[in-house]
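Here is a short briefing on packing and chain contacts. Look over the entry below, then read on.

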Amino acid sequence: MPDTTFEPTIVAFFCNWCTYLAADSAGISRFKYAPNIRVIRVMCSGRIDPQFVLDAFAKGADGVLIGGCHPNDCHYQEGNYKCLRRFNLLKRVAREMGIEDARLRLEWISAAEADRLRTVVNDMVAKVRELGPLNWSVPNEEFSAEKVEMEVAS
Amino acid sequence: MFEQNGSVRIGVYICHCGTNIAATVDCKAVAENAATLPGVAVARDYKYMCSDPGQTLIQQDIKDHNLNRIVVASCSPHLHEETFRNAVAKGGLNAFYMHMVNIREQDSWVHTDKKAATAKAKDLVRAAVRRVWFHRPLERGRVNIHPDVLVVGGGIAGIHTALTLANAGKKVYLVEREATIGGHMAKFDKTFPTLDCAACILTPKMTSVKAHPNITLWTYSDVTRVDGYVGNYKVQVTRRPRYVIEDLCAGCMQCIEACVFKQPKFEDEFNLGLGRRKPIYIPFPQAVPQVALLDPEQCIQFKSGKCKKSCVEACGERHAINFEQKEEIKEIEVGTIVLATGFKTFDPARIPYYGYGHYPNVYTSMEVERLVNASGPTGGEVVLRDGRHPKSVGIIHCVGSRDVSTNRWCSRVCCMYSLKLAHLLKEHTGAEVFNFYIDMRTPGKMFEEFYQRLLNEGVHFIRGKVAEVTDWALDPTEEGKLVIRVEDTLSAFVRRIPVDMVVLATGLEPQDDAQEVRRLFNIGCSTEGFFLERHPKLAPVSTFTDGIFLAGCCQGPKDIPDTVAQAGAAAAEALALIDAGFVETEPNSAYVNEEACAGCKTCIPLCPYQAISFLEDRKVALVNPVLCKGCGTCVAACPSAAMQQNLFEDEEIFEEIKGVLSYA
């Protein structure tokens, strides 16, 4: 049974030019979304060091949301691609640590997509609420299976 | 760990923003909570922090309480970061000892639960308090502004911008994609509500553009590359070949007369296919520049190489016609750019039940502009495609506007131009004219009066969204007519109104290539696809890219006076930059801590601006702060944390993370 009183805390890293502006725009449009999110502004999603994400989880975040510009739309040409590359790697590391996929999310949200920002935040909060507090001790089954496969193969 | 920064004394200011924040966030509680945080010397809440008394409050506290760090929790930093940095600087502190917390756009305006919103504000303030400990004094860089300006788009917006700047003594490059400047306005007959002729007010301005010594006009050209940054843009313009050398052509049109096609045969784009032209042509009589162009898709010389080239013969000694002309690449340097790329009209074929393209006598409003125009394909005589003169006309409003299945926005100009067309059609043909509208929108000087005038002229107004246009006659009076089926919502019954001609008041849309243009210039679009202004009210012609401004309908639908006003504003914004001569830059560039740098060169290929070089003698990386734009991608990649970014240092962000997660 998931704890019904559990309210997750989501740490978000938003790029200054797209997703942070989308969040501002959501405010201007008075869109309502879940108050569980805490936004940290960076200039570009390319600035997001994987350590920031792991540190957020270590310090008690139940989920981490990364927001950047759509591919091709980066204010700094290609910082979002660099972010994506790191994210894919980080995702594997996170799985190994037992962090479920729904807790770590990368979304491209442009300045025009205030409505999408609302949807993404609400959706993420709902999914993490469902998962409950982050439980480090449970290793991810999929990863374990993969590890077994690799061991067998070698 | 805090001791290393000496005695840190933080002032925290929580803004109520009237009730904008205070209605959802308990500002007093947030301030009281902040007062308990380490390093905080003063924590206050105040009604309007951005007001003069609010700013003075900070400055006074800096003196009285010996503050050396400031946190302001109010609106988005995109709105007031500069305001508070300046206030802090006036108070005698380095401006970058200030950090802003967004508790309006990203808190009070988006949440309803007061308790949760207050808790969030406390977390965000805590994060900022932890972060400012690590702020360091920074100096802004300066970038010089190249005095030349690029204006993209030669409609009325671009023309007015270019002339304003050129008259102020600035050198302007005006780039237009079509063969002539003038844009949509050149196609209009009269303008609402004054009914003065569009050509009479526009063509003198077009001529002055061509004649102006400060304007370089490049028509039939595209901007193909944009590099650089505010004050220092490097732009590549590609001039497509017109196969007529611009400097040699006198616009005498003898080549057109002499063309082997005796009759104009090809669809005339300027008249939207209602007229015909030859393969060599000038778009319209007042075109600027007065230079012919040749369509290689149609010219026999291009198709077979066996034309007798009577045009070349007619041109004679001038030798202006050159079948070998190639596209030409121009590289220019400008300091500022004004985008005035305009709009496109809605394609009514997307609404099949209005029959455009199916029934020949269904017209778009732009086509009717050409039909009633004295220099149009019919010389101003309204002749239908079947050769008849209309005795009754139905004008359908909001085609491709205010419609969830096409475009949701109001195109702002259609009600007024429909009134104008109703007047002109009645004047030209004496026909009965019916307007079918959802709401009449006439906000503007003399607009409502014009509507009243039309009511008195006997034009019929029926309130209702037209269901369909059909040629299916139910009784003899409808035979051979187009029947407009509509629910008259004022008299509450469904009507069938037979007319000879249907005019679709099509709405305004972003240009087809708005997305590509947006990427080219590194600016944003709003949801519907028009270019995004920096602030809808306070910076309506600026973009999020410094030095790039917007004018006219590329930013959103608007009429001619608004377009001209905006064009003037864009010119003024560019002038303000040019005359200041320089702009101060955000000091958020990356830098290398040489002691920690291992010389692994990971950062170097990551930089999209080639701002990082490697010092072979010292085996460390070096950032050129002029080239660095401050994205921080290299910082995130540095394995030894030797690369850091001003204002976004690792430790500042780690502290923010602790702060939002309630680490006291």
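How many residues does the largest nonpolar core have, and which of them have the most contacts inside it? In this predicted model, that core has 102 residues. I70(B) and M643(B) have the most contacts inside the core.

**Nonpolar cores**
- Leaving out residues up to four places away in sequence, I70(B) touches G11(B), Y13(B), I58(B), I62(B), V88(B), L93(B), Y97(B), M98(B), H99(B) and V132(B).

**Interface of chain A and chain B: area**
- Chain A puts 52 residues into the contact, and chain B puts in 51.
- About 4300 Å² is buried between the two chains. Carbon and sulfur atoms give 58% of that area.
- In chain A, R38(A), R47(A) and K59(A) lose the most area to chain B. Together they account for 16% of what that side buries.

**Interface of chain A and chain B: polar pairs and elements**
- The interface holds 5 salt bridges.
- D73(A) pairs with R518(B) in a salt bridge, with the closest N and O atoms 3.0 Å apart.
- Polar contacts link 21 residue pairs across the interface.
- On the chain A side, the elements giving two or more residues are β1 (10-15), α1 (19-28), β2 (37-42), α2 (50-58) and α3 (79-96).
- The largest share of that side, 7 residues, comes from α1(A).

Conventions:
Residues numbered from 1 in each chain as written. Chains lettered and ligands numbered in written order. Predicted model: local features only at pLDDT ≥ 70, side-chain atom pairs only at ≥ 80, totals over all residues. Heavy atoms only, no water. Core = buried A, V, L, I, M, F, W, Y, C linked by side-chain atoms within 4.5 Å. Buried < 20%, exposed > 50% of the residue type's maximum accessible area, 1.4 Å probe, protein only. Contact = heavy atoms within 4.5 Å. Buried area = accessible area lost by both parts, 1.4 Å probe. Salt bridge = Lys/Arg side-chain N within 4 Å of Asp/Glu carboxyl O. Polar contact = N/O pair within 3.5 Å; in protein donor to acceptor, adjacent residues only side chain to side chain. Helix = DSSP H or I, 4+ residues; strand = E, 2+ residues; numbered from the N terminus.
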